[in-house]
Amino acid sequence: MENLQQLPDSFLELCRSITAKRPKVVIDHILKHGFITTEELKETYGYSYPPRAARDVRENGIPLETFRVTGSDGRKIAAYRFGDVRKARFTRLSGRTGLSKQIREALISKYGCRCFIYLEEVDERELQIDHRVPFEVAGEPDLDPENFMLLCGSANRAKSWSCEHCENWNNIKDKSICLTCYWAYPENYEHIAMRQVRRIDLLWEGDDIEIHERLKQKSTSLEKELPEFVKDIIEREINRNGEG
């Protein structure tokens, strides 16, 4: 059981200030039992993907370390306990919906209220602040606004899924790989989660929706998927202008 007398008051205060359900469950369990296993997160608390729960704790400034224990079936499983509490960010940032008001304001002032991935303008309340380089790869960055990015909810979920299935996230943990990734710098990248692919996210709004519907009807008549049809149009235009 975690000896609370050995934990700094500032660290305990930080732990108790976190009210979001998922990280709070992990923190309270560790405070009571000393650690929490992936099995407990799944079976006791119903979290099907334990690393996400651990990530939520870390992104609230609580250091966690992963180690191995024996599960109920006799196999080794992962478990989490507090790491070096001296590394805790006692000037707590506010988690996944906004790391700080100052960072948010600085990013909006420079880039406007738009998603860095999908580039569309959205209501400020819908923007979430995310690390350009995942915490799990490089730890907590300096609080320079350029180390963070504004994302709409769908872009944030897409980035999370892609990063969590990336070899660099899970094993290599090389920051330089992230710095050349689409999910960190979509305006200038060399790969997407270590895969040699390129992407363009197109958005039709307002009066442009009619153009989208015409594209869709034409692609259907040609028995082509819409993305394939759009790529054909772009390729023909490039070739027509002698640039390809």
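Visitor: What should I know about the model and the numbering?

Guide: This is a predicted model, so local features need pLDDT of at least 70 and side-chain atom pairs count only at pLDDT 80 or more, while totals for chains, interfaces and linings use all residues. Residues are numbered from 1 along each chain as its sequence is written, and side-chain values use heavy atoms, with hydrogens and water left out.

Visitor: Back to lysine 173, where does it lie?

Guide: Lysine 173 sits in the loop between helix H8 (167-172) and H9 (helices are DSSP runs of H or I with at least four residues, strands are E runs of at least two, numbered from the N terminus). The phi of lysine 173 is near 60°, a positive value in a residue other than glycine. Most residues other than glycine have a negative phi.

Visitor: And alanine 193, buried or exposed?

Guide: Alanine 193 counts as buried, at 16% relative accessibility. Alanine 193 isn't a glycine either, yet has a positive phi of about 50°. You'll find alanine 193 in the loop between H9 and H10.

Visitor: Okay, zooming out. How many helices and strands are there?

Guide: The protein has 11 helices and 5 strands. Its C-alpha atoms fill a box of roughly 75 × 45 × 30 Å along the principal axes, and buried residues make up 42% of the 244 residues.

Visitor: What about contacts?

Guide: Taking contacts (heavy atoms within 4.5 Å) between residues at least 6 apart in sequence, 55% join residues at least 24 apart.

Visitor: Where's lysine 216 found?

Guide: Lysine 216 is in helix H10, and is partly exposed with a relative accessible area of 43%. Lysine 216 and leucine 226 are 10 residues apart in sequence, with their C-alpha atoms 6.0 Å apart in space.

Visitor: Switching to charges: how many positive and negative side chains?

Guide: There are 38 positive and 42 negative side chains, and the centres of the two sets lie 4 Å apart. Lys and Arg count as positive and Asp and Glu as negative, leaving out His and the chain ends; each charge is placed at NZ of Lys, CZ of Arg, CG of Asp or CD of Glu.

Note on methods:
Buried < 20%, exposed > 50% of the residue type's maximum accessible area, 1.4 Å probe, protein only.
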